[in-house]
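Reader: I am new to this structure and would like to learn how to read it, feature by feature. Could you give me the general idea each time and then the case at hand?

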Amino acid sequence: MEESDKLPHKLTLDQRSSLTMTGVTEVIRFDESSVLLNTALGTLNIQGSDLKLKTLCLDGGTVAVTGSITALIYEEPRVSGWSRRLFG
């Protein structure tokens, strides 16, 4: 996907209990303690308790999560072996 084709990625966290975001391309997994998403800017791990997917619209890249949100963690992209040796 070219840079200009990426969905804009934006997060809005309200009172650590309601998170809305755009730029989501895939929901990898979710349960009541974590939600793992692919976004336009990488993989996002949302951690907390009593988490629920309130809104899911992957056509528009919009997701809303409710519950007690304790952490938002972006994972570094994994670099394959040959490119790590070349650039690392």
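This is a predicted model: local features need pLDDT of at least 70, side-chain atom pairs count only at pLDDT 80 or more; totals for chains, interfaces and linings use all residues.

Reader: Which helices and strands does the chain have, and what pattern does the chain follow along the sequence?

Author: Helices (H or I, at least four residues) and strands (E, at least two) are DSSP runs, numbered from the N terminus. Here the chain has one helix and six strands, and reading along the sequence gives the pattern β-β-β-β-β-β-α.

Reader: How much of the chain counts as buried?

Author: A residue is called buried under 20% relative accessible area, exposed over 50%, and partly exposed in between, using a 1.4 Å probe and protein chains only. By that rule 28% of the 88 residues of the chain count as buried. The accessible surface, from the Shrake-Rupley method with a 1.4 Å probe and, for residues, with only the protein chains shown as cover, comes to about 6100 Å² for the chain, and 51% of it belongs to carbon and sulfur atoms.

Reader: Which residues make up the largest nonpolar core?

Author: A nonpolar core is a set of buried Ala, Val, Leu, Ile, Met, Phe, Trp, Tyr and Cys residues joined through side-chain atoms within 4.5 Å. The largest one in this chain has 11 residues, namely Leu19, Met21, Val24, Val35, Leu37, Leu44, Ile46, Leu51, Val63, Val65 and Ile69. Two or more of these residues come from each of S2, strand S4 (34–39), strand S5 (42–57) and strand S6 (62–75).

Reader: What does isoleucine 46 touch?

Author: Contact means heavy atoms within 4.5 Å. Isoleucine 46 lies in strand S5 and is buried, with a relative accessible area of 0%. Not counting residues up to four places away in sequence, isoleucine 46 touches Leu19, Met21, Ser33, Ser34, Val35, Leu37, Leu51, Val65, Ile69, Ala71 and Leu72. The C-alpha atoms of isoleucine 46 and alanine 71 are separated by 5.8 Å, although these residues are 25 apart along the chain. For the chain in general, among contacts between residues at least 6 apart in sequence, 41% join residues at least 24 apart.

Reader: What does the side chain of histidine 9 reach, and at what distance?

Author: A polar contact is a pair of N or O atoms within 3.5 Å; within protein, one must be able to donate a hydrogen and the other to accept it, and residues adjacent in sequence count only if both atoms are side-chain atoms. Histidine 9 lies in the segment before S1, and its side chain reaches the backbone oxygen of threonine 22 at 2.8 Å. The side chain of histidine 9 also makes a polar contact with the side chain of tyrosine 74 (2.5 Å).

Reader: Where is threonine 39, and is this residue buried or exposed?

Author: Threonine 39 is in strand S4 and is buried, with a relative accessible area of 8%. Its side chain reaches the backbone oxygen of glycine 42 at 2.6 Å. Leaving out residues up to four places away in sequence, the residues that threonine 39 touches include His9 and Tyr74.

Reader: Which backbone angle stands out at glutamine 15?

Author: Glutamine 15 has a positive phi of about 55 degrees although it is not a glycine. Glutamine 15 is placed in the loop between strand S1 (10–14) and strand S2 (18–22), and is exposed, with a relative accessible area of 69%. Arginine 16, found in the loop between S1 and S2, likewise has a positive phi of about 55 degrees without being a glycine.

Methods
Residues are numbered from 1 along each chain as its sequence is written. Side-chain values use heavy atoms; hydrogens and water are left out.
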